[in-house]
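Subject: Handover of a structure and notes on it

Dear colleague,

Please find the structure below, followed by an account of what was found in it. I would be grateful if you could read the two side by side.

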Amino acid sequence: MFTELSTLTEQQARHFRDLGYLRLPDPGLPGDLLGEVAEVVRARAARLPAGQAKVYRLYQHDRALMHRLVAHPALTGPLTALLGPNVIYVLNRHNQGSLNASGAQEVRLHRDILQPTRGLLTVVVYFEDATVETGCTWIVPGSHRAPYVGVPQPDGGGTWMDEHPELAELADQAVPVPVPAGGVLLFDGTVFHTAGQNTGGTTRTSVVLGYRAADELNAHPDPDRQIVVAGAQLYRGNDRPN
């Protein structure tokens, strides 16, 4: 059973569906868990070449620790309110830690997926205060309802807003979404967003996680690329013989 901290109100769920994002300043994630995960991100980031700030395959690096985070009721509670009772943590999108140093972030609006083929809900967990000065995420509210544009394009392209002139009028509509340390930002994978420029004197450390509803038409789920964190994997296709 989920605690009160891990549920969403009707108004919160509607805000997410209408605007494409939701900020949870204090979802109830344990401080000791956040500290352990933050230390893993910082230790791995310290071994990266200069200029790189992202570490990938976090779940595979420490399955026990990361499962405690990605399957914590403080996350799965809100997720089941938005995705339904059967929720998958995806290993082949996001699954990463970010350590944004001062002045290191390129600001560029983008989507996390081209189109809602299976859907993707992005969750950012912050270990340090994400303010405008330290490069909090900027969101274009409601842009998950904008046209789905991407590959193929005459001149290449993908999910970057600035590569699609038909979206030019949205470029100046992004708003900052500050989140305190220990807080969470959830947004639809088709919402245009970017990390802001870090002009402060401190880092802004976070993890970025990807979730989706269990695909009820997928008869052969790939256990190497998805982990059930709520409910169960299920198949409800009608292709079975009578």
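A residue is called buried when its relative accessible area is under 20%, exposed when it is over 50%, and partly exposed in between, with a 1.4 Å probe and protein chains only as cover. By this definition, 47% of the 242 residues of the chain count as buried.

The model is a predicted one, in which local features need pLDDT of at least 70 and side-chain atom pairs count only at pLDDT 80 or more, while totals for chains, interfaces and linings use all residues. Residues are numbered from 1 along each chain as its sequence is written, and side-chain values use heavy atoms, with hydrogens and water left out.

Overall form

The chain has five helices and eleven strands; these are DSSP runs, numbered from the N terminus, with helices being H or I of at least four residues and strands E of at least two. The radius of gyration is 18 Å, which agrees with the value near 18 Å for a compact globule of 242 residues. That radius is taken over C-alpha atoms, and the globule rule is 2.2 Å times the number of residues to the power 0.38. Along the principal axes, the C-alpha atoms fill a box of roughly 65 × 50 × 40 Å. The chain exposes about 12100 Å², of which carbon and sulfur atoms supply 52%; the areas come from the Shrake-Rupley method with a 1.4 Å probe, and for residues only the protein chains shown count as cover.

Contact here means heavy atoms within 4.5 Å. Among contacts between residues at least 6 apart in sequence, 83% join residues at least 24 apart.

Nonpolar cores

A nonpolar core is a set of buried Ala, Val, Leu, Ile, Met, Phe, Trp, Tyr and Cys residues joined through side-chain atoms within 4.5 Å. The largest has 40 residues, and Leu69, Val123, Leu209 and Tyr211 touch the most other members. Helix 2 (residues 31-45) gives the most to this core, with seven residues. A second, separate core of twelve residues includes Ile139, Val179, Leu185 and Val208.

Beyond its neighbours within four places in sequence, Tyr211 has contacts that include Leu75, Leu79, Leu83, Val123 and Val229.

In helix 4 (residues 63-70), the buried residues are Leu65, Met66, Leu69 and Val70. They lie on the same side of helix 4, because they cover an arc of only 120° around the axis, the arc being that of the directions from the helix axis to the C-beta atoms. The buried residues of helix 4 pack against helix 2, helix 3 (58-61), helix 5 (73-83), strand 3 (87-90), strand 10 (204-213) and strand 11 (226-230).

Helix 5 is largely enclosed by the rest of the structure, since eight of its eleven residues are buried. Among them are Leu75, Gly77, Pro78 and Leu82. Just after helix 5, Gly84 takes a positive phi of about 100°.

Loop residues

His110 is in the loop between strand 4 (96-100) and strand 5 (121-126), and its relative accessibility of 17% makes it buried. Its side chain reaches the backbone oxygen of Arg108 at 3.0 Å. Outside four places in sequence, His110 is in contact with Thr159, Trp160, Val191, Phe192, His193 and Thr194.

Gly119 is found in the loop between strand 4 and strand 5 and is partly exposed at 27%. Its C-alpha atom is separated by 9.7 Å from that of Asp215, 96 residues apart along the chain.

Asn198, in the loop between strand 9 (193-195) and strand 10, is buried at 1% relative accessibility. The side chain of Asn198 reaches the backbone oxygen of Thr202 at 3.0 Å. Not counting residues up to four places away, Asn198 touches residues including Asn100, Ser102, Glu133, Thr134 and Arg204.

Backbone angles

Most residues other than glycine have a negative phi. Arg57, although not a glycine, has a positive phi of about 55°, and so does Asn95, with a value of about 55°. Arg57 is in the loop between strand 2 (54-56) and helix 3 and is exposed at 53%. Asn95 is in the loop between strand 3 and strand 4 and is buried, with a relative accessible area of 1%.

With kind regards

Notes: A polar contact is a pair of N or O atoms within 3.5 Å; within protein, one must be able to donate a hydrogen and the other to accept it, and residues adjacent in sequence count only if both atoms are side-chain atoms.
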